[in-house]
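Thanks, everyone. I have one structure to go through today, and I will take it part by part. Here it is on the screen.

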Amino acid sequence: MQYRPLGKTGLKVSALAMGCMRLPADDPELSARVVDEAIAAGVNYFETTRGYISGKCQHLTAPGLKGRSRGLIVSGKAGINKETTEEGYRKEIDLQMEILGVDYLEFFQVGWFSIDKFEMLTHGGALDALNQARGEGLIGHIGFTGHDKPENFTKLIETGIFDSFTIPYNLLDRQYAPTIKRAGELGVGVIAMCPVAGGMLASPAPQLQQLIPGGAQTTAAAALQFVLSNPDISCACSGMNTLEMLAENVETVNAFAGPSEEDHARMERILDEFRAIGDKFCTACRYCMDCPHGINIPRNFSLHNRARVYGLIDWARSEYAGMKDEAKAGACIRCGECEPKCPNKLPIMDQLEEVAALLG
Ligand code: SF4
Ligand code: SF4
């Protein structure tokens, strides 16, 4: 297993981290084995929160950690709101440690965070609770996670309060790339979640596999290699729920000797070109909506894009099959109402026909 610096914390984190929110809910024994084998394979970061898996995430993680949590980087997480008090947040930290059966959490993350909650954090008591717990040696570091605008997350990491943050980053979602770069300059650790885009990149996509020098064996491997070739990423945090998935990810990361920073820059350029092709087709602005007949025009075009531009045909067909019949491209009756509203002047009706032919 490769280990990489986690910002300026002095910690070394395994390149592959485990997001425990996907542990198998109905199989505590398998959950314990997945955690246990991950530790045996060298994974040393486990991201947990109390609310995931219908409140069972930390209960399912705890047995695998039993007696071995020292030396591991385990994180807890809780959100804040206007009602959050110092006492209430401290109780939450204590409760999560109790469920996990640990006497120390290397990280506690402010969950579902955004810049409009900054005052709540600093003046509502949660930050005092975190600092107090850190002072007592119960937690090591403070992080956050959320889905705010990249420029807002850049402002948050520039406050100096946070040692790390967790954001989505993958081949198809690079919106936080500038924030990640800034984090690298500041020495803030970056945990990349959704490295395989919630499973989308587990589907075959030859165009994406070919991005990796020499070609990646699978799209999932390409996805992990892309994330880890960004030098400012500390680790790729993947939700794994089977021993096979764990073994495949461990193998990919262990075999990882590149791509280099130059390769990463080249992949970024190609992905920008891919995106430009997709944007020429449909920018998902939704000005054409609502279709009076129920067609979800941008969703159809987004699936078509992913299939044509990135080669995710199997995934797009399966998503198309799961759409309501009346929302599918094939249900368009060519009334013509949408086309004048499209700023890109797309021939929507003809293109919906193409979508139906490819995905239907
Ligand atoms: S042409 Fe098709 S997609 Fe456009 S508004 Fe009419 S039914 Fe809806
Ligand atoms: S208006 Fe045009 S570009 Fe915008 S979502 Fe509709 S089809 Fe796409």
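The protein divides into two domains, domain 1 covering 3-258 and domain 2 covering 282-359. Keep in mind throughout that this is a predicted model. Taken over C-alpha atoms, the centres of domain 1 and domain 2 are 35 Å apart. How many residues bring the domains into contact? Seven from domain 1 touch five from domain 2. On the domain 1 side of that contact, five residues are nonpolar, two are polar and none is charged.

Next, the ligands. Ligand 1 has 15 residues around it, and the closest are Cys291, Ile295, Cys332, Cys335 and Cys338. Which element supplies the largest share of that shell? Helix H15, residues 348-359, does, with three residues. By class, the shell of ligand 1 holds eleven nonpolar, two polar and two charged residues.

Two backbone details are worth a look. As background, most residues other than glycine have a negative phi, and most peptide bonds are trans. In this model, the peptide bond between methionine 289 and aspartate 290 is cis, with omega at about 0°. Where is aspartate 290? That residue sits in the loop between helix H12, 261-281, and H13. The other detail is cysteine 194, a non-glycine residue whose phi is positive, near 55°. Cysteine 194 belongs to the loop that runs between strand S9, 189-193, and helix H9, 206-209.

Last, a helix pair. Helix H1, residues 28-40, and helix H3, residues 57-65, have axes that come within 7 Å and cross at roughly 55°. With that angle, H1 therefore counts as oblique to H3. The crossing of H1 and H3 is right-handed. Which residues make the contact? From H1 they are Pro28, Ser31, Ala32, Val35 and Asp36, and from H3 they are Leu60, Thr61, Pro63, Gly64 and Leu65. Sorted by class, the residues of this contact between H1 and H3 are six nonpolar, three polar and one charged.

That is what I have; I can go back to any part on the screen.

Notes:
Residues are numbered from 1 along each chain as its sequence is written. Chains are lettered from A and ligands numbered from 1 in the order in which they are written. This is a predicted model: local features need pLDDT of at least 70, side-chain atom pairs count only at pLDDT 80 or more; totals for chains, interfaces and linings use all residues. Axes are lines fitted to C-alpha atoms, for helices over the stretch in contact, and angles run from 0 to 180 degrees between N-to-C directions. Helices (H or I, at least four residues) and strands (E, at least two) are DSSP runs, numbered from the N terminus. Angles under 35 degrees count as roughly parallel, over 145 as roughly antiparallel, 65 to 115 as roughly perpendicular and the rest as oblique. A crossing is left-handed if the near helix is turned anticlockwise from the far one by less than a right angle, and right-handed if clockwise. Two residues are in contact if their C-beta atoms, placed from the backbone, lie within 7 Å. Ala, Val, Leu, Ile, Met, Phe, Trp, Tyr, Cys and Pro count as nonpolar, Asp, Glu, Lys and Arg as charged, and the others, Gly among them, as polar. A residue is near a molecule or strand if its C-beta atom, placed from the backbone, lies within 6 Å of it. Domain bounds come from an automatic or database domain assignment.
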